[in-house]
Amino acid sequence: MSEIVAAIDEGAAQQLFDFEVASLGTMATSGASSLGPFAVTYAVTGMLSNGTIDLIAPGTVRVADLRLDWHIDLSFQLDIGDFIPDIHIPQICVHIPCVGDVCTPKIDIVWPTVSVPVSFGDFVKTTVDLGVAISLVAAIWKVEGVVQGVPNLQFGVATAALLTAIGLAVAAAVGWVPLIGPFVAVLVAAVLAAVGIAGLTGLLGPILTPFISGTRFPITEVPAHFQVLPSAGPFDPAVFVTVDSLGAEVQHNPPEDELVVLADISA
Amino acid sequence: MSLTEAREVFVAVEETALNDLITAVCATRPHLLHYGSPAFVTASSTSATQMAPIPFPGSPGLQWSVELTIPRLDLFKEDMPLPPELSLGPGQFSLATEVRLCVDCAGGREKPQDDPDGHDHDPKEPRDPRDQWPDDRDDWGKARHPVCCRLGVYAVGHLVSTWVGGERAIGFALDDLELVDVEPNALESVLECLLAMILRSVLATLSLPVSALQLDAFTLTPTEGPLIDVNRVLARGDF
């Protein structure tokens, strides 16, 4: 039997995780990936906000409706010629008596490649199961919730609006291209069709998932050299005990489920 | 039955851990258990607390010291045998320690010594009164004729709520004390009264913050306890 037992109920666990998740702050990453047929570079920020805590014995902390608010700045190169054929109108000459040859100009339109920047933000929700992990690192006992498995992200309805944002960004990016005017609508439609919802989730899923699956949710920390009393003068040095072992588990103690920390100490 | 019951946070400290905490405090700050006048304690330090000699007419003061071993606590229910005069009730702890009482027996230092000149002392010559009660302030820390005894002390008490460093803490209050194997009974009563006063004062300086009881694992604002349950101290409260 452990010498010290500290326990919190689900209500306190909810408060604890609300605080700890908020303390995680903004996470960020950047890199390169693909958006449908396009190679993209991106920079993403994400911030978690807590869901509903459910303690499940013997060792699971379920967080339902964990929410990740994210924002992405991405950029991709759009070769317009991949979607609209280049235009080549040869020169045509007509011989007119007394006038001579009259020729139309030769027209060659080779569509350029343009850079398309897109900025967009939304949120995803997921339910994750956290296992309780204990570690002793740099003389600190750490109790953390570690995500089990890979969460299934449920993108919000508004995420589909990212397609609209991409369409607007494409239209804006090609606006300077001569003679593109009549073809913009076709181009936008072709790009969006090429990307599709699958392209969006294929991009966002792998980028955003690590924000959740890679996160360790702090539950508590206890120094292995634990200070019982602070120094209180020249004859009263600080008092410490050694925390020899620390454990944590979820216990079902009817009618409640409780998160329990167990410790043994020595003088 | 849940641990937290109607509260959000629960903490329980077994008596072994409580003794570890008390041992840590007493071992780091041994002056909490060791007091003495200058002949025994040169100066206050981490090891000992210097106090004044006991004033007495015709003397510069009686030199003394009191030293206790680190007390061992037994929380209700009783695991550590107690003298029959004591009983451990619900909510109480018992305590066992050993006290070492010393006095510097100034009268006993006048052992006959050979005169260095080979002359006997003339009994007609008046004695210098300082020879009987020498002012030995130059010899602090040098009890010349310490006479000591060790007594086994058993006591029972209860927890009290207190504060240390602005933090909620538990303290220890004495209810009853018993010495063993001291006779005659009147002497035993005097010594018990003396040691009860000493132990009560010592315990008043000994307190443990509630945060230490649960290693600061969770925030705890106690609304129930800390109190002595069966062989443990427990508290419940809000997060």
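This briefing covers chain B, its interface with chain A, and two helices. The model is predicted. Chain B has 4 helices and 11 strands. Chains A and B touch: 33 residues of chain A are in contact with 35 residues of chain B.

**Chain B overall**

- Chain B has 239 residues, and 38% of them count as buried.
- Take the contacts in chain B with a separation of 6 or more: 63% of these link residues 24 or more positions apart.

**Where the two chains meet**

- The interface joins 33 residues of chain A to 35 residues of chain B.
- On the chain A side, the elements that give two or more residues are strand E1 (4–9), helix H1 (10–23), strand E13 (216–223), strand E14 (225–229), strand E15 (239–253) and strand E16 (256–266).
- The chain A side divides into 23 nonpolar, 5 polar and 5 charged residues.
- Strand E1 of chain A pairs with strand E1 (residues 9–14) of chain B. The pairing is antiparallel and runs over 5 bridges.
- A:Val5 has B:Ala12, in strand E1 of chain B, as its bridge partner.

**Helix H1 of chain A**

- Helix H1 of chain A has 14 residues. From first C-alpha to last it reaches 19 Å, close to the 20 Å expected at 1.5 Å a residue.
- The buried residues in this helix are A:Ala12, A:Ala13, A:Gln14, A:Leu16, A:Phe17 and A:Val21.
- Just after the helix, A:Gly25 takes a positive phi of about 70°.

**A:Phe17**

- A:Phe17 lies in helix H1 of chain A.
- Why is A:Phe17 classed as buried? A residue needs 20 or more other C-beta atoms within 10 Å, and A:Phe17 has 23.
- Leaving aside neighbours within four places in sequence, A:Phe17 is in contact with A:Asn50, A:Ile53, A:Val63 and A:Phe217.
- A:Ile53 is 36 residues from A:Phe17 along the chain, yet their C-alpha atoms are separated by 7.8 Å.

**Helix H3 of chain B**

- Helix H3 (residues 185–204) of chain B has 20 residues. At 1.5 Å a residue it should span 28 Å, and its end C-alpha atoms are 28 Å apart, so the two agree.
- B:Glu192, B:Leu195, B:Leu199 and B:Val202 are buried in this helix.
- The face turned away from the buried side carries exposed residues: B:Ala186, B:Ser189, B:Val190, B:Cys193, B:Met197 and B:Ser201.

Terms used: Residues numbered from 1 in each chain as written. Chains lettered and ligands numbered in written order. Predicted model: local features only at pLDDT ≥ 70, side-chain atom pairs only at ≥ 80, totals over all residues. Buried ≥ 20, exposed ≤ 12 C-beta atoms within 10 Å, placed from the backbone. Contact = placed C-beta atoms within 7 Å. Nonpolar A, V, L, I, M, F, W, Y, C, P; charged D, E, K, R; others polar. Pairing = 2+ DSSP bridges. Expected span 1.5 Å × (residues − 1).
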